[in-house]
Amino acid sequence: MSIARSEQELKENFAKIDVNGDGKITVDEFRALLVSGIREDYSEAVSDVSISDIVDKYAKQQLASMDADGNNEVSFKEYKSAYDKAAAEAADEDE
Ligand SMILES: [Ca+2]
Ligand SMILES: [Ca+2]
């Protein structure tokens, strides 16, 4: 897995999560992302009701982990710095 990503690639990833295109990722957008991921993995086994609580929890965790200024939205700047931090940690583990 390559950890060196260009800013352009990060912008494209961010835009995929930022469904309404306002430049900020909200907990609802993280939620939608998680739901679509779960649907791909467990398309038949899971109902909306059974995944709802789990998705809520992880969406909030994911938002909180990236939301540096605590306004409940993740800007591209916050997304990028979270990604840079994860990439730096991954690089440390490789050594
Ligand atoms: Ca948005
Ligand atoms: Ca924020």
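Mentor: Two residues are in contact if their C-beta atoms, placed from the backbone, lie within 7 Å. With that in hand, we can look at this predicted model, in which, among contacts between residues at least 6 apart in sequence, 55% join residues at least 24 apart.

Trainee: What pattern does the protein follow when read along the sequence?

Mentor: The pattern is α-β-α-α-β-α, which comprises four helices and two strands.

Trainee: Which residues make the contact between α1 and α4?

Mentor: From α1 come L10, K11 and F14, while α4 supplies F76, Y79, K80 and Y83. Sorted by class, this contact has five nonpolar and two charged residues, with no polar ones.

Trainee: How do you know that N72 counts as exposed?

Mentor: A residue is exposed if 12 or fewer other C-beta atoms lie within 10 Å of its own, and N72 has 12 C-beta neighbours inside 10 Å, so N72 counts as exposed. N72 lies in the loop between α3 and β2, and its phi is near 65°, a positive value in a residue other than glycine.

Trainee: What makes V35 partly exposed?

Mentor: V35, which is found in helix α2, has 16 other C-beta atoms within 10 Å. A buried residue needs 20 or more and an exposed one 12 or fewer, so V35, with 16, is partly exposed. Not counting residues up to four places away in sequence, V35 touches I51 and V55; V35 and I51 are 16 residues apart in sequence, and their C-alpha atoms are 7.8 Å apart in space.

Trainee: Which residues make up the largest nonpolar core?

Mentor: There are seven residues in this core, namely I25, F30, A59, L63, M66, V74 and Y79, and helix α3, residues 48-66, gives the most to it, with three residues. Leaving aside neighbours within four places in sequence, A59 is in contact with V27, F30, R31 and L34. Of the 95 residues of the protein, 11% count as buried.

Conventions
Residues are numbered from 1 along each chain as its sequence is written. Chains are lettered from A and ligands numbered from 1 in the order in which they are written. This is a predicted model: local features need pLDDT of at least 70, side-chain atom pairs count only at pLDDT 80 or more; totals for chains, interfaces and linings use all residues. Ala, Val, Leu, Ile, Met, Phe, Trp, Tyr, Cys and Pro count as nonpolar, Asp, Glu, Lys and Arg as charged, and the others, Gly among them, as polar. A nonpolar core is a set of buried Ala, Val, Leu, Ile, Met, Phe, Trp, Tyr and Cys residues joined through C-beta atoms within 7 Å.
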